[in-house]
Amino acid sequence: MTDYSTTPTGKGMDLSFLDKPHEWDPRRTYSTTGTDWQARVDFDRLRRDRLTRARMMMEKFDLGAIVCFVGENVRYITSVYQGNWKNNIFIRYCVLPRGGDPVLFETAGSDMECAKIDAPWLNGNVRPAITWKWAETAETMMADRMVASIYRVLEEHKVTKEKIAVDMMDPSASAAFERAGLNIVSAGPAMSRARVVKTPDEIECLKISSAIGDTSFWKIEHEWLKPGVTEAHITAKVNEYLYEKGFDFVYDIIVASGGNTSPYRRWHTDKTIRLGDLVIIDQNAIGPGGYFVDFVRCFKVGGNLSPREKDLYKECHESMYAAIEQMRAGNTTRDVAEKLPVYDDDEYGTVTLQQFAHSIGLSLYEGMWISRAYSLQYPVELEEGMYFAAETFAGHPGLEQTVRLEENLLVTKDGPILFTKYPFYDEAL
């Protein structure tokens, strides 16, 4: 019988002194460098555990193979990363056949040669990707060639007659899979279930990203944020700082000040930040080990919060933490959604991404979202090892400016553990 067990919580450490798993303690953050004297993030173990979880879900969903074009899924299965720019433009893909090892189809040329050098754990299973996008009159022919490359892997493992799960494709690829006679289903459910529960080493990577994110907020508050600078300036300084700290990719730094906070403008401008402005800063970035930090703080530029601003800050903080308190293993997404503020999610029956929670990991949006749009009626049980960003917003009409906040947390059987530690304004709480 196939063993689908992954590294257990605690990683076999002697925890008698710590009294908790190392990965559950946000203050116990490893260095990003390697050494002989300490068992830091074990990337070999991380690779094995992620692949095991993907295989586990392949069996659970009765799949003959999983085919991935989404860059984060390719990284999850093959542990190959070649820059964020090529993640989702259909120029690389991988196949995980049941009973077999993953096969990476990497962009031909230097990229493929780099993958061969960089990823010995693939045991030579690196082949040239056939790119069909933007091929104009050759697109149909190239899409057929791409599917043929995948079909060969399926033939080698005798799974051509089984369900083949694909995570993302365009109409040309869909038609090519149909011409090949394959039984195509969505890989979304399997890959979401695999990725939404984090392995111990994934949690250690998330911790490192959160720790560095915290330090960038100190820099923002105490060094960079002052009257006369622009939103663009703060965005540039955070980008520079995180890249210097070894981040893979800065996905977005949202800076909204003064009137740009109400309604909340989720991108930066060259607006000058002035004395008395509230400034919402939302940091979204992929840390040194490939895992996201995504959290928000709101600052007052010069002076103290006004009584009205204190009320808005407290409202936002209390609603966020009311939802976070429900994020423990065994509770459901309904328990969380009931604590989120009533907002346009309720009115329009869709997710606004302002009063909600979302799983994060290799992706900013990984697996599960929690929203009043559907979680009240379609609850899902929370499991230990899930990792979320929870965010709320005091978004009332007619406000001159307002507040938004966000935290990152680990779900455990004992309750949520906050990994983002940058402090709030005590005067408002």
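## The largest pocket

The largest pocket in this predicted model has a volume of about 360 Å³. A pocket is an open set of points on a 1 Å grid over the protein atoms alone, where a 1.4 Å probe fits, with protein on both sides within 12 Å along at least five of seven lines. Its volume is the space filled by probe spheres set on the points, which are joined across faces, edges and corners.

Lining residues have an atom within 4 Å of a point. The largest pocket has 19 of them, and the closest to its centre are Val70, Glu72, Arg195, Ser363 and Tyr365. Helix 2 (71-78) and helix 6 (188-196) are the elements that give two or more residues to this lining. Helix 6 gives the most, with four residues. Helices here are DSSP runs (H or I, at least four residues), numbered from the N terminus.

By class, the lining has seven nonpolar, eight polar and four charged residues. Ala, Val, Leu, Ile, Met, Phe, Trp, Tyr, Cys and Pro count as nonpolar; Asp, Glu, Lys and Arg as charged; the others, Gly among them, as polar.

## The second largest pocket

The second largest pocket has a volume of about 200 Å³. It is lined by 14 residues, and Arg47, Leu51, Ile77, Pro102 and Trp121 are the closest to its centre. Two or more lining residues come from each of helix 1 (43-60) and helix 2.

Helix 1 gives the most, with five residues. This lining divides into five nonpolar, four polar and five charged residues.

## Basis of the values

Residues are numbered from 1 along each chain as its sequence is written, and side-chain values use heavy atoms, with hydrogens and water left out. In this predicted model, local features need pLDDT of at least 70 and side-chain atom pairs count only at pLDDT 80 or more, while totals for chains, interfaces and linings use all residues.
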